[in-house]
Amino acid sequence: MFQYLEKYRKEGRKGSGGSSGACYVYPDAPATPGIVTPDVTFERSVYMNGSVTMDDGNSVRVWGFTEGGMMAGQFPSPAMRVTEGQIVHTVFSNNGMMWLHTIHHHGIEPSTENDGVGHYSFDVDGTYTYQWKAAHAGTYFYHCHTNTVLHAEMGMYGALIIDPPEGPGTLYAGGPSYDVEAVWACDEFDSSWHSLDWDAGTCGADVGLNDLNPDYFLITGVDGAQSALTDPRVAVSMNRGQRLLVRYINAGYLPQRITFGGLSAEVHGSDGRPFPRPVAVTSLTTHSAERYDCIFAPSRAGTYEVTVEYLDWVDGSVLGVARTRIEVA
Amino acid sequence: MKRRTFLRAGAAGVAGAMAGAGGLLAWSPRAHAATVTRTLYITEGFTTQPDGVDVYARSFADADNRLQVPGAPFIVQEGDTVSVTIVNTLGTTHSFVIPGMVDSGPIAGGETRTVSFTADRVGSHLYHDGENAPYNRLVGLHGGFAVMPSGSGDELYAGSPTFRKQYTWVMTEIDPAWHERVRNGRTPNTAYTPRYFTINGRSMRVPGHPDYGNPDIDAGYAPDTRLSGAIGDRSLVRILNAGMAMHSVHFHANHVEWLARNGQPRADVWRKDTLMLPNDMGSLDVIYPFEPPPDAWPPVTTGYYPMHLHDEMTQTAGGGFYQFGLATTIAFK
């Protein structure tokens, strides 16, 4: 049985009822089992004082991971990029803080201790080194897995890319090549959730985390109402004859329909695994945390407006739209 | 009018369900089709949610003194004649429907009816009450119905990738306001806002909670939901959505082989860690391969991991209580 279980049976319930104090959290920072010298190391700590300015002028509070220190950092959190076969350390520092977090590398499948799910291992209180091996090239992301419903909504995620041995420019080992690359992590905000405390609801208080009513729709941290149409972090400029790889991540909680403005995508894989045969599509309908690797080889110059529709999880109606562009010269 | 006896789903009812189901679905192929005879009692009662709230429910139960949500799972073989006797112990009209296979038509309160049909559609299905749709189905009148290919014990459909074990996961949501309207014979009149999320009728518990580890209550330990295996114990999971919301199903530690969606075999088997589950009786069929977790260093063959929905609203109960939603445990033994 898992070595920490008995301790958590006794200590797992902390604080008291109501919305003050955290319940069902598992603070610890043990030594990493079988720790070795890694091929690559990422340092991450937490900021909880960030904000994103929306196109309507409003500011929405966000949390995330930084490469060091607690100063408000970028949103989404800085990407991790490694090469297939490397042994990776994600050194996560959460020392002396009033809050708990973890890092779950979504789609990476390590040992229980390194999977970053609080109630199966621990919420990091101190510094923990997640050790894992990048077995399969592809598109992943990492996110906090403590009070996940709130922490991932608050923005605690970043891209995670595993290149094949050939390096950037090739999607999978022996697989398709690309010249231009974009990461579109599409997410929706319910700004009414963004004033909650890190442990909101964990003791059983009804804080409305069953009911997401999004009012902002983003692509890779940029408001999709207007800004993402031209923001260079999202919008793509390329030339005819080039091949574009879009690493599309559904980073929200709702179904999404992404439509490529009349371009056809050749989808080569999903969730870090190549397909037996690529599929050609003009749109994709996805759900939370799915990733799709889409290659475009446009033959005609033009401006292609990409739309991401965020869908009601019951009736599929469109709750909001984010837009960006692929400019082909 | 008959005085209603409200039942409570508890250890007795769940234990009965497990005796009928044998935990995970057990199956031995037969050379010939057979006649399968079952009786289902339409019952009502209350289920206790993780925050202590009792919610009204109806069920297709194995006995008339039991509330059993979802109804006891069926597993039959292609070509079998299935004879189901439905005893409606309530005062309201209900039915027994498997789309494309059988529709009993309305069964009035107090009535008993037997339907016979041929199980001619291989794969994973939901049986449900088609009356007062979708409300009767949503308050609990649904269950899993698996049809094995003729003479096969290890395939989803003839020629599919093979498995060693199989499970049926019936997922649903609960909006208690809708259940209360149905209890009072009225039509729900509020926006659908589910507050509880269940897999085979249960939600997750975690260490520190008094019900943690209780297989009658904790979806992480219930043997019909918990995936438990050693390396190589390839497990077919028939994922059925009795609810109204589209969900995202996320497996930790292994990618699954995605065999079918809404009963349709897929042209190519994709390996996925996260899959979109269609709503309103949609389904997915996947094989969890129980391979060593590929990114572990040093390599491991044992461990404990979650399967949970990634539309994380489903990981709550009563608007909070993260970790007490629709999830289960994957145990590498």
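Author: In this predicted model, the C-alpha centres of domain 1 and domain 2 of chain B lie 21 Å apart. Domain 1 of chain B covers 35–152, and domain 2 of chain B covers 168–332. Where they touch, domain 1 of chain B puts in 23 residues and domain 2 of chain B puts in 28.

Let's stay on the domain 1 side of that contact. β3 (54–61), β9 (123–128), α2 (135–138) and β10 (142–148) of chain B each supply at least two of its residues. Sort the residues on this side by class and you get 14 nonpolar, seven polar and two charged.

Chain B has an open sheet of six strands, in the order β12-β11-β14-β19-β16-β17, with mixed pairing. β12 (196–199) and β17 (264–272) of chain B are the edge strands; each has a single partner, so one side of each is left without a neighbour in the sheet. On average, and ignoring direction, neighbouring strands of this sheet are turned by 20° against each other.

β11 (residues 165–174) and β14 (residues 235–241) of chain B run parallel and are joined by seven bridges.

β15 (247–251), β17, β18 (274–277) and β20 (303–309) of chain B each give two or more residues to the side that touches chain A. Counting everything in that contact, 49 residues of chain B meet 57 residues of chain A. The chain B side of it has 22 nonpolar, 18 polar and nine charged residues.

In chain A, 38 residues of domain 1 are in contact with 38 residues of domain 2. On the domain 1 side, β3 (59–66), β9 (138–143), α2 (148–151) and β10 (157–163) of chain A each bring at least two residues. By class, that side of domain 1 of chain A splits into 22 nonpolar, 13 polar and three charged.

Notes:
Residues numbered from 1 in each chain as written. Chains lettered and ligands numbered in written order. Predicted model: local features only at pLDDT ≥ 70, side-chain atom pairs only at ≥ 80, totals over all residues. Pairing = 2+ DSSP bridges. Helix = DSSP H or I, 4+ residues; strand = E, 2+ residues; numbered from the N terminus. Axes fitted to C-alpha atoms, helices over the stretch in contact; angles between N-to-C directions. Domains from an automatic or database assignment. Contact = placed C-beta atoms within 7 Å. Nonpolar A, V, L, I, M, F, W, Y, C, P; charged D, E, K, R; others polar.
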